[in-house]
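Colleague: I have the file open and want to go through a few spots with you. Can we take them one at a time?

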Amino acid sequence: MAQIVSEALIGRLADWGVDTVFGLPGDGINGIMEGLRRHQDRVRFFLVHHEEAAAFMATGYAKATGKLGVCLATSGPGGIHLLNGLYDAKLDHMPVLAITGMQETSVLGTGYQQEVDLAKLYQDVAEYDQMVYNPAQLPTIVDNAVRNAYARRGVSHLTVPNDIQVADAGADPWQHVAPARPPQTAPIMLGAPGMPREEDLGRIADLLADGKKIAILAGAGARHARDELLAVAETLAAPIVKTLPGKATVPDDSPYTTGGIGLLGTRPSEDLMEEIDTLLMVGTNFPYTKHLPAPGKVRVAQIEADPVRAGARIPTEVPVVGDAKQSLQGLLPLLKQRGDTSFLEKYQKEMAKWRKSMTALQDAGRDPIAPQYLMGVVDELAADDAILTCDSGTIATWAARHWQIRGGREFFLSGNLATMAPGLPYAIGIQHAMPGRQVIAFVGDGGFAMLMAEFITAIKHKLPVKIVINNNNALGQILWEQMILGYPEYGVREPEPFADYAAIATANGALGIKVERPADVRPAVQRALSHGGPALVDVNVNPDEPPLPGKVEYDQAKKFAQAFLKGQPRKATIATTLFRDKIEQLKA
Ligand SMILES: Cc1ncc(C[n+]2csc(CCOP(=O)(O)OP(=O)(O)O)c2C)c(N)n1
Ligand SMILES: [Mg+2]
């Protein structure tokens, strides 16, 4: 049997080490499906229910493994569905390849059924965006797409017309007019060197030597540099602040961290940012600049892998281009050990207080169930190397504060796109890549409902993911945002009764548990975590529990009060919850 183009395409992906393609077939990719069928011993086709989820799975897979994630969708609607997941990859700098189908070349431009110019549509999302016009472009075009995704840490897109998909591989139908041979490359690439220039490291060391009150801000780009971060923090006696995507950089109980930053961060981190004179940023492009020191107030050094982003966020005296781990390794011998640890100790004391006040909110006695308690129970019962995925919403605040990184634990969410719904598909993509790990998705009812068919995907693929739904019957995050803006909430609560998502699990042969009473939370989570297959715990929580910032500004409190005056519904229950939170924290 002669090799077809799609076979060459999939074979080349296998040569690059691709083992899985997440996708959903259609008449625009039947040829590519045949390529996958012929290579099924090398590359697994992973069937999903929605292409958006396929793109999230590929992104989650890339986030957890560091390897290229690949997703596949048909022409027109399928390609359109991929986009949100692809933007998640783009904004969080993950190597992902999207393959789409295209109408056959003879009808292009005629308004044929499902004709959407996907190369044009993907122009903004993709670093490398190419239609295949001629079988002779293969497999070089695959090499270029993969190399671009890795090197530029982003999305590559290949769209292949139907007729080309099934053409003979290597066919070259036209007369050549260019002074070039048909392209031929190899499936190899070498990443950029990670060690910065000696003199750049020296400049950071000098800047840090002058600092009296130093903080380190660590992001997702420093996830592989835990030992080095801790060693630098110890040497400088400087606390480490973590961005949310960088939560797993160092353990939450480390004496060297003040935890998160921003709206869902900790109060000590906020205070620290106000007090420091020197900031060392490592592997982060933290976008919420209001939570960083005002421009000119501190001296800044930044270690960043991408020259485009080094020094791009706040005025930076010493931008250094390099890999976080290697750069810190190179920097360490240049640093002098600090004798005076009083600054660090001050924040260690603040953190001890903060931790107590957070634990106080994990109150088992609250009815309705406190979301902090739910997250606290998951945290307590999960394995030391569990992977938690999360959605955008109040859940991100509960996870940021009550999911503790320890041991080999990991944490993944949509950091920069902050989209709803990736938690479940991330968990599936990651569980597929790491069958031995405990993978838990902590998601909102809103985010879960968007892509809930993928729980059926997990059941069908026999993936033992654990889903915990923080069901507040609302788009909770937005409710609080509206109030902080000074307006009463509008259009953010679902009509009662609360939906029963556990029933979907049970009806399809998985473990599903609906929890409505505080006393049932612990046994339910315990049962789900020890269950051998996929499990879903759907917990009705208090819909009136506000995710307050670590440090409430006067203006925020004023706006909150204004919303109350303008007719905020459920004022009484919200006020009671707030009051109880305060009392618990004071008692602690
Ligand atoms: C695709 C998408 N639509 C809308 C938003 C705006 N948004 C952010 S969080 C949120 C609420 C999410 O609700 P849910 O998943 O139930 O979580 P909760 O905040 O209630 O914990 C919304 C609507 C978004 N980030 N992404
Ligand atoms: Mg909700």
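Colleague: Is Met 57 buried or exposed?

Modeller: This is a predicted model, and in it Met 57 is buried, with a relative accessible area of 0%. The cut-off for buried is under 20%, so Met 57 qualifies.

Colleague: Where is Met 57 found?

Modeller: Met 57 is in helix H3, residues 51-65.

Colleague: And what is Met 57 in contact with, leaving aside neighbours within four places in sequence?

Modeller: Phe 22, Phe 46, Val 48, Pro 425, Ile 428, Gly 429, Glu 454 and Thr 457. As for Cys 71, 14 residues from Met 57 along the chain, the two C-alpha atoms are 8.1 Å apart.

Colleague: Next one. What about Ile 240, buried or exposed?

Modeller: Ile 240 counts as buried, at 0% relative accessibility. Ile 240 belongs to strand S8, residues 240-242.

Colleague: Which residues does Ile 240 touch, not counting those up to four places away?

Modeller: Among them are Ile 216, Ala 218, Leu 229, Leu 230, Ala 233 and Val 250. Tyr 256, Thr 257, Thr 258 and Gly 259 are also touched by Ile 240.

Colleague: Which other non-glycine has a positive phi, and where?

Modeller: His 93, with a phi of about 60 degrees. The loop holding His 93 runs between helix H4 (77-91) and strand S4 (96-102). His 93 is partly exposed, with a relative accessible area of 23%.

Colleague: Back to H9. At what angle do H9 and H11 pack?

Modeller: H9 (residues 226-236) and H11 (residues 324-331) pack at about 35 degrees, with axes 9 Å apart. The crossing of H9 past H11 is left-handed. Glu 228, Leu 229 and Val 232 of H9 make the contact with Lys 325, Leu 328 and Gln 329 of H11. By class, the contact residues are three nonpolar, one polar and two charged.

Colleague: And H13 with H20, what's the angle there?

Modeller: The angle between H13 (residues 371-381) and H20 (residues 521-530) is about 40 degrees, and their axes are 10 Å apart. That angle makes H13 oblique to H20. H13 passes H20 in a right-handed crossing.

Colleague: Which residues meet there?

Modeller: From H13, Tyr 373, Leu 374, Val 377, Val 378, Glu 380 and Leu 381; from H20, Val 521, Arg 522, Val 525, Gln 526 and Leu 529. The contact of H13 with H20 has eight nonpolar, one polar and two charged residues.

Colleague: One more pair. How do H1 and H6 cross?

Modeller: The axes of H1 (residues 5-15) and H6 (residues 140-151) come within 9 Å and cross at roughly 40 degrees. H1 is therefore oblique to H6. Their crossing is right-handed. Leu 9, Arg 12 and Leu 13 of H1 are in contact with Val 142, Asp 143 and Val 146 of H6. That contact has four nonpolar, no polar and two charged residues.

Colleague: Since you mention H18, which of its residues are buried?

Modeller: In H18 (residues 476-484), they are Gly 476, Leu 479, Trp 480, Gln 482 and Met 483. These residues cover an arc of only 155 degrees around the axis, so they lie on the same side of H18.

Colleague: What do they pack against?

Modeller: Helix H14 (394-402), helix H21 (554-565) and helix H22 (571-587). Just after H18, Gly 486 takes a positive phi of about 100 degrees.

How values were computed
Residues are numbered from 1 along each chain as its sequence is written. Chains are lettered from A and ligands numbered from 1 in the order in which they are written. This is a predicted model: local features need pLDDT of at least 70, side-chain atom pairs count only at pLDDT 80 or more; totals for chains, interfaces and linings use all residues. Side-chain values use heavy atoms; hydrogens and water are left out. Axes are lines fitted to C-alpha atoms, for helices over the stretch in contact, and angles run from 0 to 180 degrees between N-to-C directions. Helices (H or I, at least four residues) and strands (E, at least two) are DSSP runs, numbered from the N terminus. Angles under 35 degrees count as roughly parallel, over 145 as roughly antiparallel, 65 to 115 as roughly perpendicular and the rest as oblique. A crossing is left-handed if the near helix is turned anticlockwise from the far one by less than a right angle, and right-handed if clockwise. Contact means heavy atoms within 4.5 Å. Ala, Val, Leu, Ile, Met, Phe, Trp, Tyr, Cys and Pro count as nonpolar, Asp, Glu, Lys and Arg as charged, and the others, Gly among them, as polar. Buried means under 20% relative accessible area, exposed over 50%, partly exposed in between (1.4 Å probe, protein chains only). The arc is that of the directions from the helix axis to the C-beta atoms.
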